[in-house]
Structure formats: C-alpha cells, structure tokens
Amino acid sequence: MRLAVLAVLPVLFASPALANFSACVGGLKDAAVKAGVSRAVADRALAISQPDEKVMRLSRAQPEFKTPIWDYLGFLVDEERVEQGRVMMRRYDNVLRAAEERFGVNRFVIAAVWGVESNFGQDAGDNFLPHSLATLACQGGRRTAFWRGELIAALKLVTRGDLQLNELYGSWAGAFGQTQFIPSTYERLAVDFDGDGRRDLVKSVPDALGSTANYLRRAGWQPGGSWMIEVKVPPNYSGPTGRKQKAPLSTWGSRGVVRADGAALSGGAQAGLLLPSGPRGPGFLVFKNFDAIYAYNQAESYALAISHLADRMAGLPTFRTPWPTDDPPLSRAQRFELQRLLVAAGYQIGEPDGKVGPLTREAIRDAEQRAGMPPTGRPGMKIYRALGGR
C-alpha cells in the first residue's frame with residue numbers, strides 16, 4: 001500500500017505555472033537518470049507535455065462531506081465483501097498461511113488489507129503513475145520533493161526489472177498494486193514471495209500478500225496478539241479514550257467497561273479505548289497490532305474497517321451494539337441500486353457504480369427535499385426506501 005496517509009490525502013497547490021511544466025519534466029528526467037533510472041525508461045515514462053487535468057482536479061478537491069463511521073464501515077465491510085474474502089482466502093490458503101508463518105502476521109488481517117485496498121485485486125486504479133506524479137511534482141505545491149521522490153522510486157522499479165512501465169497504473173496520488181503501496185514503500189518493503197526473481201505487486205498475488213505481511217511486521221505487529229475486541233461502556237462514561245491511552249484490560253474492567261456480550265474484562269494486555277460514535281455506539285479496545293494496521297493508512301476508521309473485515313472473515317459476527325442512528329448505512333449493492341433509482345427518477349449522475357461522489361450527493365439532496373426530508377446528501381436507508389429501494 002502506501003506509506004500511510006501521505007499518498008492519499010488531498011494536496012493544495014499554488015497557481016500552476018503551466019509555462020514551466022515542460023522544463024520541470026525535463027528536470028525530472030535528468031534527476032531520475034542521475035538516481036539510476038535508465039534514460040530510455042525516463043524518456044518513455046515522461047513523454048508528457050502538459051499536466052494531467054484529472055490529477056490536478058483531484059489534488060485540489062476539498063472533501064465537502066464527512067462520512068459517518070457507520071457509512072464508512074458499511075461500505076467497506078458488507079456481506080458481499082465478507083463472502084468474497086472467504087472465497088479468496090480459500091483460493092490462496094497456502095500463500096496466506098506461508099505469509100503468516102514467515103512474518104507472524106495473522107492471515108485474516110493480510111486478506112482484509114487486500115480486500116479493502118483493491119477489492120481483492122479488482123480495483124487497483126487506472127491512472128498512469130509517471131504522469132500523475134510528474135503533474136504533482138511540477139505544480140508548485142508544498143510537497144514537490146515528496147512527489148519527485150515517489151516518481152523516481154516508481155521508475156527505479158522498472159529499471160530494476162520488477163515491473164514493466166505499462167504496469168505503473170494506480171491511484172492519482174501514487175499508490176498502486178493489489179495492496180496499494182506507494183513507490184518508495186514498494187522499493188523498501190516489497191518482497192518476492194513467489195520466488196520468480198521479481199517483486200510484482202501488480203500481477204502476483206503471493207508477492208502482494210507477502211509484502212503486506214512484511215509491511216505490517218515492520219510496523220510493529222506482534223505475532224499471536226489480538227488487534228481489537230468490541231466492548232460496551234457505561235452510559236455516562238467519561239474516562240480516558242484514544243488509541244494511545246493504553247491500560248491493562250483489568251483496568252478497563254474497573255472503569256466499567258465490559259465485552260460486547262457483557263463478559264468481564266481481565267488480564268494485563270494493554271489496550272486503548274475507541275468510541276467512534278460516542279458512548280451510545282459500539283466501543284473497541286484496540287491493541288498494539290491495531291497500531292500496526294493503523295500505520296498502513298494512519299486513520300482509525302481505516303484500521304477499524306480492516307480489523308472488522310478480518311474478524312468477519314474469521315467467522316465472528318457483526319457488531320453487537322448498533323450504531324446510534326435511525327438511518328442505517330447502505331451496502332455497496334444498495335448504493336448501486338440507489339444510484340439506479342436516482343437515474344430512473346431523472347437525475348443525471350452518470351452510470352451507476354456504487355461510488356457516491358458529488359453528483360450523487362447533490363441528487364440525493366434534491367430527492368430528500370422532494371420527499372420532505374432534511375437535505376443531507378447522505379446515501380442512507382431512508383432515502384433509499386423513499387425512492388423504492390428494498
């Protein structure tokens with residue numbers, strides 16, 4: 001994947017100096033060659049005369065909608081992904097067990113990263129990385145050196161023989177492969193797990209899964225340890241919270257925290273308490289291994305999704321405590337159906353794909369108003385049913 005959030009957060013640029021773009025690209029070519037990239041690879045990769053408009057647009061986009069935690073997890077951990085994950089785990093059982101044995105990382109967590117990052121290799125991104133990274137490096141932003149370094153790292157992978165140039169496709173911000181590494185992380189932590197002499201995280205499932213296990217181990221994964229358990233807190237709980245505010249399980253028990261099924265907590269294992277929707281919603285005690293998952297993308301919501309998907313694929317039930325909302329989240333299939341219903345109602349939002357962007361949110365707002373509902377723009381169960389969803 002990426003070196004955490006660096007490769008995925010939006011970037012703000014100063015006014016683009018388009019007149020200097022060609023000169024900047026020329027400088028990138030020279031810098032790449034000086035770093036060991038072959039001139040032929042640099043010339044072919046950077047045959048670009050103007051910035052990639054799509055990358056510029058996405059890099060400047062400001063998130064207008066804060067996704068509720070129940071929507072985020074509802075989208076990433078639905079029954080379809082759980083079942084698909086179990087199928088893929090059976091298919092690659094030998095690979096996952098070998099990665100677990102070699103690196104000590106639980107195979108369900110490895111598979112969960114694969115599922116969330118690329119839908120088990122199906123959605124790896126379609127942006128040509130050299131052009132995306134050149135655009136980011138040449139537009140005068142605050143992180144020019146970072147993008148330049150990622151570009152050179154990507155081209156080194158081609159020169160080294162790990163990948164072909166035409167395999168460098170991924171997200172607009174540089175993450176690519178089946179488990180979405182940014183190039184510098186790929187260069188540093190990817191492993192040849194299928195033994196063919198190349199580290200191919202694009203087409204080789206074993207390399208991708210082994211490299212993910214290596215990443216998590218380097219991030220501090222403790223073999224055999226837990227990552228998360230669901231808990232309940234007293235209704236008036238006002239004690240410490242936070243991933244870093246760790247205490248023994250017995251201490252959490254003394255604070256009135258119990259397991260989600262009501263069982264008492266005991267023992268000396270260190271954990272921090274997360275209450276992503278407040279004391280009325282599900283609570284989670286998270287351990288050192290949760291921190292290793294967090295390092296993969298530096299967002300607690302992301303680490304919760306990975307942890308929950310791993311648990312579900314391992315046979316655990318969904319959360320016992322419901323989210324504190326009267327408008328439950330939609331699964332991916334229901335989001336797709338919601339978009340289909342919006343199109344049928346005359347909204348011009350493009351081809352339904354299950355991914356809710358600005359056009360879909362604006363259509364939802366209008367549909368909510370027409371239905372006498374507060375215009376939130378959120379793809380929830382209420383508007384879904386109001387439009388005829390089942």
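Guide: The answer starts with the sheet, goes on to a helix and ends at a pocket.

The model is predicted, with local features needing pLDDT of at least 70 and side-chain atom pairs counting only at pLDDT 80 or more, while totals for chains, interfaces and linings use all residues. Numbering runs from 1 along each chain as its sequence is written, and side-chain values use heavy atoms, with hydrogens and water left out.

The sheet is open and has five strands, in the order β4-β6-β7-β3-β5, with antiparallel pairing. Its edges are β4 (242–248) and β5 (258–259); each has a single partner strand, so one side of each is left without a neighbour in the sheet. Strands here are DSSP runs of E, at least two residues long, and helices are runs of H or I of at least four, both numbered from the N terminus. Two strands pair if DSSP finds at least two bridges between them. For β6 (residues 270–274) and β7 (residues 283–286) there are three bridges, in the antiparallel sense. In this pair, L274 stands opposite F284 of β7.

Helix α13 covers residues 288–297, and nine of its 10 residues are buried, so the helix is largely enclosed by the rest of the structure. Buried means under 20% relative accessible area, with a 1.4 Å probe and protein chains only. The buried set is N289, F290, D291, A292, I293, Y294, A295, Y296 and N297. After α13 comes Q298, with a positive phi near 40°.

A pocket is an open set of points on a 1 Å grid over the protein atoms alone, where a 1.4 Å probe fits and protein lies on both sides within 12 Å along at least five of seven lines; lining residues have an atom within 4 Å of a point. The second largest pocket has a volume of about 370 Å³, the volume being the space filled by probe spheres set on the points. Its lining has 20 residues, and G74, V77, T318, W323 and P329 lie nearest the centre. The helix that gives the most to this lining is α4, with three residues. By class, 10 lining residues are nonpolar, seven polar and three charged. Here Ala, Val, Leu, Ile, Met, Phe, Trp, Tyr, Cys and Pro count as nonpolar, Asp, Glu, Lys and Arg as charged, and the others, Gly among them, as polar.

Key: Buried < 20%, exposed > 50% of the residue type's maximum accessible area, 1.4 Å probe, protein only.
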